[in-house]
Every structure is written in structure tokens, then in C-alpha cells.
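Subject: Structure handover

Hello,

Please read the notes with the structure open.

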Amino acid sequence: MPRTFSTFSVGDTFDHGTRTVDEPEVREFAERYDPQSIHVDPEAAAASMYGGLIASGWHTAAMTMRLLVDDLLSETAALGAKGVDELRWYAPVRPGDTLRARTEIVETVPETADRGLVHARTTTAVADAADPDDDRVGEDVFSMVGLVMVARE
């Protein structure tokens, strides 16, 4: 039975697991959707302020969305979303990084007899960095507040 609007409460949290990103995926996504040199050209990226190839922020958002769908939205009576608030990229994601995502319910608003709106803050952090000397482990790299329409009972 899918989760309905009444099963969500402010303060509920959900851990969505992890996902490792590799260089071919970083480059493939960027070549198709965000072909900036810092995402597709290792030499140009090495000479940039990032010191190497980084994932597009949109790629980070897409990987986060996949974790969210696989773990929570696929088991929710979700009817789509009205948008995203507070979209932020805090730090670069590098090939080889393992990301983890977590969601906290920050508001629930009954809208109609058939649905409610769940404001869900999803945050993605580095669970494991490609470089063992990298101090970004535990650092947030992305967050958003999704405005998800969820069916009522």
C-alpha cells in the first residue's frame, strides 16, 4: 500500500542510500546536457579553480532524484510536484565520489479533498570521496525542497 498524505509528519526523516558516480557518467551527462569544460574536458578542468573534472550540478540533482524515487517516491501515492524551492549546490561532486541522500519533511499542507502538499527537504552529501585525503566526507553538496503532491486516503 503506497504512503498517502496522512502518513507524512513534519520532522519525519528518510535515508535513501548511496550512489557512486564515475567519470564516464559525469562526462556523458555533461556532453548531453551541460557541456561546460569543467564537466567534459579533464585538461581544462584541471586548469580551473576546481583542479579537476566535476559533475554538473544538474547531474547531482538527477542522481539525488534517482535515490529519492527508488527509496521513497516509488512507495508513495505521489501525484507529481509543484516545483522546487531553495535549490542549492554547496560543493563540487567529483568522479569516484559516493553520495548519500536524506529527506526531512518540513511542512504538510492539505490542499483538496484528494491531495495534500508535502514540503520535503532533500540533502545530498559526500559519503565517501574518491581521494582518501579529501576532507569533504560528510559535507553537503546539494539540497532542495520539493513540493510534492500526495494523494489523500
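The largest pocket has 19 lining residues, and those nearest its centre are Leu68, Leu73, Ala120, Gly146 and Val148. On a 1 Å grid over the protein atoms alone, a pocket is an open set of points where a 1.4 Å probe fits, with protein on both sides within 12 Å along at least five of seven lines, and a lining residue has an atom within 4 Å of a point. Two or more lining residues come from each of H4, strand E2 (78-89), strand E3 (98-110), strand E4 (115-128) and strand E5 (140-151). E5 contributes the most, with five residues. The volume is about 210 Å³, taken as the space filled by probe spheres set on the points. By class the lining has 14 nonpolar, five polar and no charged residues; Ala, Val, Leu, Ile, Met, Phe, Trp, Tyr, Cys and Pro count as nonpolar, Asp, Glu, Lys and Arg as charged, and the others, Gly among them, as polar.

This is a predicted model, in which local features need pLDDT of at least 70 and side-chain atom pairs count only at pLDDT 80 or more, while totals for chains, interfaces and linings use all residues. Residues are numbered from 1 along each chain as its sequence is written, and side-chain values use heavy atoms, with hydrogens and water left out.

The second largest pocket has a volume of about 180 Å³. It is lined by 15 residues, with His39, Ile54, Ala55, Ser56 and Gly57 closest to its centre. Helix H2 (37-40) and H4 each give two or more residues to this lining, which divides into nine nonpolar, five polar and one charged.

On the fold, the protein chain has four helices and five strands, defined as DSSP runs (helices H or I, at least four residues; strands E, at least two) and numbered from the N terminus. Their order along the sequence is β-α-α-α-α-β-β-β-β.

The axes of helix H1 (residues 23-33) and helix H4 (residues 57-71) come within 9 Å and cross at roughly 115°. H1 and H4 are therefore roughly perpendicular (65 to 115 degrees). Contact (heavy atoms within 4.5 Å) is made by Glu25, Val26 and Phe29 of H1 with Trp58, His59, Ala62 and Met63 of H4. These residues comprise five nonpolar, one polar and one charged.

Regards

Technical notes. Axes fitted to C-alpha atoms, helices over the stretch in contact; angles between N-to-C directions. Parallel < 35°, antiparallel > 145°, perpendicular 65-115°, else oblique.
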